[in-house]
Amino acid sequence: MHELAATESLLTAALRAAEGAGARKVLRIVVSVGHYTGILPEYVEKYFPTASSGTAAEGAALEFQVLPVRVACGSCGTESELAVEDADAGIPEYACRVCGGREFRLLPSNWDIRVESIEVD
Ligand SMILES: [Zn+2]
């Protein structure tokens, strides 16, 4: 159900963007997915044809790009991006490039799922 709701909100965002651009048809939707969002792209792919049926986005291709893990230094707040593999490994070698701090917090964008761009006709 989580993915179904996400699919519907992505579709709504894409259709709104298409309407804003005066487009008749959405050909492709690029979706950015935060590493910790918990949404499985294959389920979004599965729900999309039914959700988009009869809309301008019917038949559109979906493309997913996983966002880098974004963190902020716990001491000075400098934001950095980490490779997903490093984040999964617990980021043992993390050191803030500004102050050298070794503590960080995850930024909210890691839980995002959003339409990054659309291709229209
Ligand atoms: Zn720092």
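How many helices and strands does the secondary structure of the protein come to? I counted three helices and six strands, where helices (H or I, at least four residues) and strands (E, at least two) are DSSP runs numbered from the N terminus. I noted at the outset that this is a predicted model, in which local features need pLDDT of at least 70 and side-chain atom pairs count only at pLDDT 80 or more, while totals for chains, interfaces and linings use all residues. Residues are numbered from 1 along each chain as its sequence is written.

**Overall form**

Reading from the N terminus, I wrote down the order of elements as α-β-α-β-β-β-α-β-β. Along the principal axes, the C-alpha atoms fill a box of roughly 55 × 30 × 15 Å.

I found that 21% of the 121 residues are buried, a residue being buried if 20 or more other C-beta atoms, placed from the backbone, lie within 10 Å of its own, exposed if 12 or fewer, and partly exposed in between. Of the contacts with a separation of 6 or more, 76% are between residues 24 or more positions apart, a contact meaning that the C-beta atoms of two residues, placed from the backbone, lie within 7 Å.

**Helices α1 and α2**

Next I turned to helix α1 (residues 2-20) and helix α2 (residues 41-52), which pack with their axes 9 Å apart and at an angle of about 55 degrees. The axes are lines fitted to C-alpha atoms, for helices over the stretch in contact, and angles run from 0 to 180 degrees between N-to-C directions.

Which residues make the contact between α1 and α2? On the α1 side I listed Glu3, Leu4, Ala6, Thr7, Glu8, Leu10 and Leu11, and on the α2 side Tyr43, Val44, Tyr47, Phe48, Ala51 and Ser52.

**Single residues**

I looked up Leu62, which lies in strand β2, and found that Leu62 counts as partly exposed because it has 18 C-beta neighbours inside 10 Å. Leaving out residues up to four places away in sequence, Leu62 touches Ile29, Val31, Val44, Glu45 and Phe48. The C-alpha atoms of Leu62 and Arg28 are separated by 5.8 Å, although these residues are 34 apart along the chain.

From Ser53 to Ala21, 32 residues away in sequence, I read 20 Å between C-alpha atoms.

In the loop between β5 (104-106) and β6 (113-120) I came to Asp112, which is partly exposed with 16 C-beta neighbours inside 10 Å. Setting aside neighbours within four places in sequence, Asp112 is in contact with Ser32, Gly34 and Thr37. Asp112 and Leu67 are 45 residues apart in sequence, and their C-alpha atoms are 9.0 Å apart.

Last, I noted Thr12 of helix α1, which is partly exposed with 14 other C-beta atoms within 10 Å, and whose C-alpha atom is 22 Å from that of Tyr36, 24 residues away in sequence.
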